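Trainee: Could we go through this model together, starting with a charged pair and then moving on to the packing inside?
Mentor: Gladly; here it is.

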Amino acid sequence: MILCSNPLAQYLSRKAQIDEAIRRVLDSGRYVLGPEVQAFEEEFACYLGISFGIGVGSGTEAIHLALAACDLKTGDEVITVSHTAVATVAAIELAGGRPVFVDIDPVSYGIDASQLEKAITSKTRVIVPVHLYGQPTDLDVIINIAKRYHLRVIEDCAQAHGALYRGRKVGSWGDMACFSFYPTKNLGALGDGGMVVTNDPELATRARLLREYGWAERNISSLPGWNTRLDEMQAAVLRVKLRDLDEQNAKRRRLAQFYTGALQATDLVLPGAMEGTAHVYHLYVVRSRKRDKLMNFLRDRGIGALIHYPVPVHRQPAYQGRIDGAGRLDETERAAGEVLSLPMYPELAEPEAQQVVAAVLAFDGGQYD
Ligand SMILES: *Cc1c(COP(=O)(O)O)cnc(C)c1O
């Protein structure tokens, strides 16, 4: 079976270093928010070219914490997309916000910035653009609109560690940005983890306090916070993996180039390269009107293609009928019916990549509709 993503292969490719890092933590006696977390916060912020990093328990919690640090109040509106991991929307509701959906651009899969303004009301406080699949979204337009309406921008970078927009890393553009270190992400832990980053010292301080019961000093809560701490073991593992994140992303890009070259002549819609951006291919997502048949065809041949995501958030049982789309969500609905993610991870060997391509070509050349 060729998996869609493969965290085990990542671990095995650096087993000795990771085992050593875990051993170091085990022997240290510090297991949560210690020197490893602090070092990783500094190293990751430095990698991104940002001043402050605040390690947290997950990507969902990173978004929740960033919104709380921006002083979101119950009922404040937060604009985002419905074509995303449900986590984006769950985090907005955890922070007391009301999600408002804008349709996506069908090429970048990011928010359709041309429809953003009409979604803004007197209650709008924050825009959460998502750099989906590793493709940076159109930040310039979004940030300009946010400035004009005095809104905060919190980037959801959970799928875009290391991606570039106009030569600068995503995560360094908004007021704050949020990363997930779920094991399958471009930078993945061996468990859960996340980080909030910002250049604003006040937002950084608020986030840091809120992360641990609002403590400025131990056992004295100066803000009503909660607990979303990052543990030492995950931070130590992430420090090992951060060292070759760029190399890993380059491998993903090479695999994407191979797929794109080999599948050019098929009926599939292949990922489009957006000008002025460097995609990091968290996922390699193609589109087909025969998506379900193609997926089953690939699965029968041992290829684990997956759908990200089969049901838009506004159609999920927990959210249906509760959340407004500012206008129609036609591209969102169309994407959900057509997208398919082919196997994509840095350790995927060439013969396996060739096997994926051969199977897609066999489907494309056959009469399977
Ligand atoms: C993974 C992901 C998250 C949430 O991260 P967790 O660490 O799983 O909580 C949020 N947004 C997007 C776009 C994601 O892909």
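Mentor: D292 is partly exposed at 41% relative accessibility, where partly exposed is the range between buried, under 20% relative accessible area, and exposed, over 50% (1.4 Å probe, protein chains only). Keep in mind that this is a predicted model, in which local features need pLDDT of at least 70 and side-chain atom pairs count only at pLDDT 80 or more, while totals for chains, interfaces and linings use all residues. Residues are numbered from 1 along each chain as its sequence is written, and side-chain values use heavy atoms, with hydrogens and water left out.

Trainee: Which residue forms a salt bridge with D292?
Mentor: That is R291, with the closest N and O atoms 2.7 Å apart; a salt bridge here is a side-chain nitrogen of Lys or Arg within 4 Å of a carboxyl oxygen of Asp or Glu.

Trainee: And is R291 buried or exposed?
Mentor: R291 is buried, having a relative accessible area of 6%.

Trainee: How many salt bridges does the count come to?
Mentor: The count by this rule is 23. One of them joins the side chains of D175 and R152 at 3.4 Å, N to O, and this pair links distant parts of the chain, since D175 sits in the loop between β7 (168-169) and β8 (176-180) whereas R152 belongs to strand β5 (residues 152-156), 23 residues apart. Strands are DSSP runs of E with at least two residues, helices are runs of H or I with at least four, and both are numbered from the N terminus.

Trainee: What about E331 and R334, where do they lie?
Mentor: Both are in helix α11 (residues 330-338), 3 residues apart, or about one turn of the helix, and their salt bridge has its closest N and O atoms 3.0 Å apart.

Trainee: Changing topic, which residues touch the most other members in the largest nonpolar core?
Mentor: F40 and F44 do, in a core of 82 residues, a nonpolar core being a set of buried Ala, Val, Leu, Ile, Met, Phe, Trp, Tyr and Cys residues joined through side-chain atoms within 4.5 Å. Helix α12 (residues 350-365) gives the most to this core, with 6 residues.

Trainee: Why does this core lie between domain 1 and domain 2?
Mentor: Because domain 1 (7-242) and domain 2 (245-364) both give residues to this core; the bounds come from an automatic or database domain assignment.
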